[in-house]
Amino acid sequence: MKYRTLGKTGLRVSEVGFGVWTVSTNWWGVQDEATGVALLREAFDLGITLFDTADIYGNGRGETLLAEVLGGKRDDIVIATKFGYNFYDFERGPGHSELPQDFSPAFVRRACEESLRRLQTDRIDLYQLHNPRLTAIESDDLIATLDDLQREGKILHYGYAIGPDIGWEEEGLASVNQRDAAAMQIIYSLLELDPARSFFGPAEEHGTGLLTRVPHASGMLDGTCKPGMTFDASDHRSHRKLEWLETSLKKVEQLDFIYGRGLGRTIGQTAIQFCLAAPMVASVLPNLTNSEQLREFTAAVDVPPVSAEDIARVYELYDRNFGLEPAAAPAAGQASA
């Protein structure tokens, strides 16, 4: 494993991190908790030190599971968690609809104390606003509360996890330019360049460390999605139309120059290296559902990097929608990770 510094936070994180949502919810097919426990242990053994979770994952289970499995390694790992959804007083609606958000000072303090309790720790390394709207980012009361929690030592740093779906450019730019964000989590992949591209320059100027999530575009870039396949109702991709799958796969076919035979890396590893080539990106958070994937993706840090020329070619393809009709379905969007 290799390690980078997450912007001006000073936190040293593994280039490949572990998104705990895959083992604490049923959205990605890990139904067996024993599998999640084994994956977390193996990830640590393979050198992963960044574990990104959220209080809402499994209604707290993402945090308690992390504490149960790696609590004894607390000083050897970086814990990033998120807050803002009120699952204490509300239940999620049908499908994967969003819960009400609450970024009031009182709720944030409540959420932080509950996360500390579930994580069985005295401090959170990176505390992230979970899919904040612009009103939350612009709230001086919220920022003052986070500053207080930081002074109290309950959180070491705070940042912004921008989402849930493709978009949210205004929120991302406000996080960096208006709030001088120490860290920001974004969506970025070979199939999803925007709005992430607009964040790179400001992030570099402000020293904002970036984490990129779902680098494999909902399975389009890890070899698991095939033409005509369907998804279980619990899978967050189940609401997508077949057109989305087929259109995305047509785009992936045009990327064979960057992951084809003889390049020394799989398509899944290429997707990670592509993200790591972006300015200010410190760590990539792939969806990890089995040991084979875990070993393949952690090995991505050692494969040949993607060249600047190939990155430019990807950008050119993206900017002309891979030569497909403008009305074609957009490339893989993400759920509220």
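Two exercises with worked solutions follow.

This is a predicted model: local features need pLDDT of at least 70, side-chain atom pairs count only at pLDDT 80 or more, and totals for chains, interfaces and linings use all residues. Residues are numbered from 1 along each chain as its sequence is written, and side-chain values use heavy atoms, leaving out hydrogens and water.

**Exercise 1.** Work out the strand order of the open sheet and find its edges.

*Solution.* Start with the strands, which are DSSP runs of E with at least two residues, numbered from the N terminus, while helices are runs of H or I with at least four. Two strands pair if DSSP finds at least two bridges between them. Eight strands form the open sheet, in the order 3-4-5-6-7-8-9-10, with parallel pairing. Strand 3 (18-19) and strand 10 (281-285) each have a single partner strand, so one side of each lacks a neighbour in the sheet. For a closer look, strand 4 (residues 50-52) and strand 5 (residues 78-83) are joined by three bridges; Phe51 has Ile79 in strand 5 as its bridge partner.

**Exercise 2.** Describe how helix 4 meets helix 6.

*Solution.* First, the residues: contact means heavy atoms within 4.5 Å. Pro105, Val108, Arg109 and Cys112 in helix 4 meet residues of helix 6, among them Asp141, Leu142 and Thr145. Next, the geometry: helix 4 (residues 105-119) and helix 6 (residues 140-151) pack at an angle of about 35 degrees, their axes 9 Å apart. Here axes are lines fitted to C-alpha atoms, for helices over the stretch in contact, and angles run from 0 to 180 degrees between N-to-C directions.
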